[in-house]
Amino acid sequence: MRVTTRLTGDEAQALLAEGTKLQLATINADGTPHLVTMYYALVDGRIAFWTYRASQKAKNLERDPRVTCLIEAGDDYFTLRGVQLGGVVCPTDDPAAVVDIGTRIVARSLGLPSEHLDGYVAQTAPKRRGYLVEPVRTVSWDHRKLAGA
Amino acid sequence: MNTVSVDPDVCEAFGRCVATVPAVFSLDDDEMLHIHQPTEDQLPKVRVAVRLCPKLALTLNDD
């Protein structure tokens with residue numbers, strides 16, 4: 001029987017919870033993919049990120065809200081695991097929501113205590129937009145399952 | 001005694017430290033950073049400010 005490497009829902013959520021960075025694909029005006037690495041956080045289990053409103057990905061998402069997110073871990077073949085999550089973004093310019101998303105991301109990515117980030121996040125948030133990813137389809141793999149671990 | 005210092009040749013006045021601990025860091029009209037040495041209870045925020053500097057211009061000397 002072929003061994004399935006697919007992650008269970010809980011395992012996929014655990015992988016998302018332990019990661020800090022993802023690869024974010026958006027679609028340029030000419031149809032080519034635009035790919036960047038972003039810090040992210042989880043808000044009620046959903047992927048959240050923020051970016052400058054003037055950035056290329058923000059412009060792309062204004063035109064077309066479809067994204068693909070890749071979160072992966074592991075180095076050698078039998079430790080590789082990942083989640084590829086396709087969906088659409090829900091953008092927000094609500095100041096409180098942008099501050100909430102930004103605080104979680106800065107705290108997570110830099111390992112800093114969130115209670116001391118209010119000044120910096122409040123300073124930078126007005127230039128940024130927050131996004132939540134609404135998943136449409138998920139593909140996942142965990143090569144550790146091949147080794148029967 | 002913990003003292004914080006700035007390398008003025010590296011600082012580009014992003015102001016993240018000022019936003020984080022305005023009682024310790026301030027920028028003047030010429031975008032020069034001025035430091036009012038922190039008290040013990042300001043140190044946790046100063047440590048965050050040092051980490052947030054995008055130019056790595058701040059140094060906290062822990063004795």
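In what order do the strands of the open sheet in chain A lie? Keep that in mind as you look around this predicted model.

**Stop 1: the sheet of chain A**

Select the strands of chain A. Seven of them form an open sheet, in the order β2-β1-β5-β6-β7-β4-β3, and their pairing is antiparallel. Now pick out the edges: β2 (33-39) and β3 (41-43) of chain A each pair on one side only. On average, neighbouring strands of this sheet are turned by 35° against each other, direction ignored.

Zoom in on β3(A) and strand β4 (residues 46-52) of chain A, which run antiparallel and are joined by three bridges. Here you can find A:V43 standing opposite A:R46 in β4(A).

**Stop 2: two helices on the sheet**

Next, select residues 9-18 of chain A. This is helix α1, which packs on the sheet and touches β3, β4, β5 (66-73), β6 (81-92) and β7 (128-142) of chain A. The direction of α1 makes about 70° with that of β6(A).

Then select residues 56-63 of chain A, helix α2. Helix α2 also packs on the sheet, touching β1 (21-27), β2, β4, β6 and β7 of chain A. Its direction makes about 55° with that of β1(A).

**Stop 3: helix α3**

Select residues 95-110 of chain A. At 1.5 Å a residue, the 16 residues of helix α3 should span 22 Å, and the end C-alpha atoms are 22 Å apart, which agrees.

Which residues of α3(A) are buried? Colour A:V98, A:V99, A:I101, A:G102, A:T103, A:R104, A:I105 and A:V106 to see them. Their cover includes β2, β3, β4, β6, α4 and β7 of chain A.

**Stop 4: where the chains meet**

Now show both chains. Eight residues of chain A are in contact with nine residues of chain B. Helix α4 (residues 118-124) of chain A gives the most to the side of chain A that touches chain B, with four residues. Coloured by class, that side of chain A shows five nonpolar, three polar and no charged residues.

**Stop 5: chain B**

Finally, hide chain A. Chain B has two helices and four strands, and along the sequence they follow the pattern β-α-β-β-α-β. Its radius of gyration is 11 Å, close to the 11 Å that the globule rule gives for 63 residues, so chain B is as compact as a globular protein of that length.

Of its 63 residues, 25% count as buried.

Methods
Residues numbered from 1 in each chain as written. Chains lettered and ligands numbered in written order. Predicted model: local features only at pLDDT ≥ 70, side-chain atom pairs only at ≥ 80, totals over all residues. Contact = placed C-beta atoms within 7 Å. Nonpolar A, V, L, I, M, F, W, Y, C, P; charged D, E, K, R; others polar. Pairing = 2+ DSSP bridges. Axes fitted to C-alpha atoms, helices over the stretch in contact; angles between N-to-C directions. Expected span 1.5 Å × (residues − 1). Buried ≥ 20, exposed ≤ 12 C-beta atoms within 10 Å, placed from the backbone. Rg over C-alpha atoms; globule rule 2.2 N^0.38 Å.
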